[in-house]
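Colleague: I have a few questions about how the labels on this model were reached. Could you take me through them, definitions included?

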Amino acid sequence: MARRLRFNGTDSKNGACPAIHEDLDTREVIVQGKPLTDPDDLSQLQHFGPGDAAVVVPRELLVNHGPKEMERVAKLIGPDEFARLFETFEYSAWHLETRRGYASDREDLGYAEFLRTGTAPMDLGSSWCANIRRQTSAGKYVGRVRIVDNPPAEGQQFLLSYAACNAATGEDVRNLWREDAQRLHLPDEDFWLFDSRLVVVLHFDHEDVLGDLEIITEPAVVLRYCQVRDAAVHGSVPYDEFAAQLHD
């Protein structure tokens, strides 16, 4: 079925390109202009796939005729696409954990072992740990800050013990008391931040089951999450120092 396109405008004086159209159903923007074909130019484009096309347009075209209003609509991704982000990120991956527990942890065999022994097992042979070790061995940064209630909930105690396994993969694992997180105005939501350019917000239900995975790439919004990361890291302490505080 053909798209329903609306002509937004052109700065051309003779009806030629460049021009901008908008898809009335998907809200996607179609920019037409002179194709960029020089191989040396194309080689400089990041994230340029074999089926992609690049066009060159004046900056004024986007300013004058690009959409000005932005009614943000959540964009969701599936588990497979989310998993690929941990294999394809270039520089850094960082996680804020805010919940008192996670259903996925409670379903893990290691959780039962923790309840029985008080110590979470080291599962460095898992696919998750193997991949994170590959990434950190390549010089990439992987880190997380876990917010902890006082006293810690059972799920948080499990993660405090499991942090040794996270750290063994090369992760920078840190903790922060919830009252300090509130003082720093950190959001009460879990998210992953990749390469300081895209965010995946993890939505959970009241039983701590992971549901929607919302991806955000708008630069201004991503910047706010970068600021959250900086505040969280600044206010937190390494997991082993934090665990020692609990036993003082």
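Modeller: Gladly. Buried means under 20% relative accessible area, exposed means over 50%, and partly exposed is in between (1.4 Å probe, protein chains only). This is a predicted model, where local features need pLDDT of at least 70, side-chain atom pairs count only at pLDDT 80 or more, and totals for chains, interfaces and linings use all residues. Residues are numbered from 1 along each chain as its sequence is written, and side-chain values use heavy atoms, with hydrogens and water left out.

Colleague: Why is H95 called buried?

Modeller: Its relative accessibility is 5%, so H95 counts as buried. H95 lies in strand β7; strands (E, at least two residues) and helices (H or I, at least four) are DSSP runs, numbered from the N terminus.

Colleague: What does H95 touch, leaving out residues up to four places away in sequence?

Modeller: With contact meaning heavy atoms within 4.5 Å, H95 touches G143, R144, V145, D190, F191, W192 and L202. A polar atom of the H95 side chain also lies 2.9 Å from the backbone oxygen of F191.

Colleague: How do you know that the span of α9 agrees with its 17 residues?

Modeller: The expected span is 1.5 Å times one less than the number of residues. For α9 (residues 219–235) that gives 24 Å, and the end C-alpha atoms are 24 Å apart, which agrees.

Colleague: Which residues of α9 are buried, and what puts them on the same side?

Modeller: V221, V222, Y225, C226, V228, R229 and A232 are buried. They cover an arc of only 155° around the axis, which puts them on the same side of α9; the arc is that of the directions from the helix axis to the C-beta atoms. The face turned away from that buried side carries the exposed residues P219, A220 and H234. Among the elements covering the buried residues of α9 are β7 (92–97) and β8 (141–148).

Terms used: Polar contact = N/O pair within 3.5 Å; in protein donor to acceptor, adjacent residues only side chain to side chain.
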